Amino acid sequence: MSQFPSPVRIRYENATIVVSGGDEELLRSLPGVAFDPRSSGFRAEAGNYRAVMETLVRLKHPFQDEARLYEKLTWAIQSERAPYPHQTEAVETWARHQMRGLVVLPTGTGKTFTAMLAIRHCGRPALVVTPTIDLLNQWHWELSQAFKTEVGMMGGGEYKLTNLTVTTYDSAYIHLDRWGNRFGLLIFDECHHLPGPSYQIISRGSIAPFRMGLTATPERAD
């Protein structure tokens, strides 16, 4: 009989990760994972993907990652524009916190360029989520100019995914199961919209291990 543990298999399904293989005790111990009687298996919200993977690595337990549909890549900003000190500080602080966090900057202080610096630093396919069609088009133009690459769009009657894509909160929510495992970085513009009952699911249903929120108004009345 083999002395090697059975590898844990992780795959993406309908905004969740399905976890199988290994022994039941291990599966139940993984962050966010619970038994789903509907499918007679174990699963978790896709947002737990990073924590599950980090746990398996820490335990040195073998795994098969079939959830992630993206790889590392290199982004180059095709601009001579130099970042302001507050933009550099924001990205460096975000990076020190494992590339997860909230950047709060007043309107007009360059949140978009700060996000571009984060995209370059992260080196993963990125999805930018915006609240309005006007901002969708504005982000699409600015990203296209900065990175000189094809930028996808999801919303406003468009549906095309590329390694750098812009969407609205509404479209991200509607199409979540189609993109939720395709991006390593999520950037939420005007992220004070995110705690809304439906929009929360955008964050919870994506496996993206790296996230950045942008806002000038981080507090909500509700």
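## Strand pairing in a predicted model

In β4, Thr16 has Glu45 as its bridge partner.

**Around β4**

Strand β2 (residues 16–20) runs antiparallel to β4, and four bridges join the two. Strand β3 (residues 34–36) also pairs with β4 in the antiparallel sense, over three bridges. Here Ala34 has Arg43 in β4 as its bridge partner. The hairpin of β3 and β4 has four residues between its strands. Ser40 in this hairpin takes a positive phi near 55 degrees. How enclosed is β4 (residues 41–45)? Four of its five residues are buried, so β4 is largely enclosed by the rest of the structure.

**The seven-stranded sheet**

An open sheet holds seven strands in the order β6-β12-β11-β7-β10-β8-β9, and its pairing is mixed. β6 (100–104) and β9 (158–160) stand at the edges. Each has a single partner strand, so one side of each is left without a neighbour in the sheet. Neighbouring strands of this sheet are turned by 20 degrees against each other on average, direction ignored.

Within this sheet, look at β7 and β10. They pair in the parallel sense over five bridges. Val129 stands opposite Thr167 in β10. Helix α5 (residues 133–147) lies across β7, β8, β10, β11 and β12. The helix runs at about 170 degrees to β10.

| Pair | Sense | Bridges |
|---|---|---|
| β2 and β4 | antiparallel | four bridges |
| β3 and β4 | antiparallel | three bridges |
| β7 and β10 | parallel | five bridges |

Strands of a sheet pair through backbone hydrogen bonds, either parallel or antiparallel.

Notes:
Residues are numbered from 1 along each chain as its sequence is written. This is a predicted model: local features need pLDDT of at least 70, side-chain atom pairs count only at pLDDT 80 or more; totals for chains, interfaces and linings use all residues. Side-chain values use heavy atoms; hydrogens and water are left out. Two strands pair if DSSP finds at least two bridges between them. Axes are lines fitted to C-alpha atoms, for helices over the stretch in contact, and angles run from 0 to 180 degrees between N-to-C directions. Contact means heavy atoms within 4.5 Å. Buried means under 20% relative accessible area, exposed over 50%, partly exposed in between (1.4 Å probe, protein chains only).
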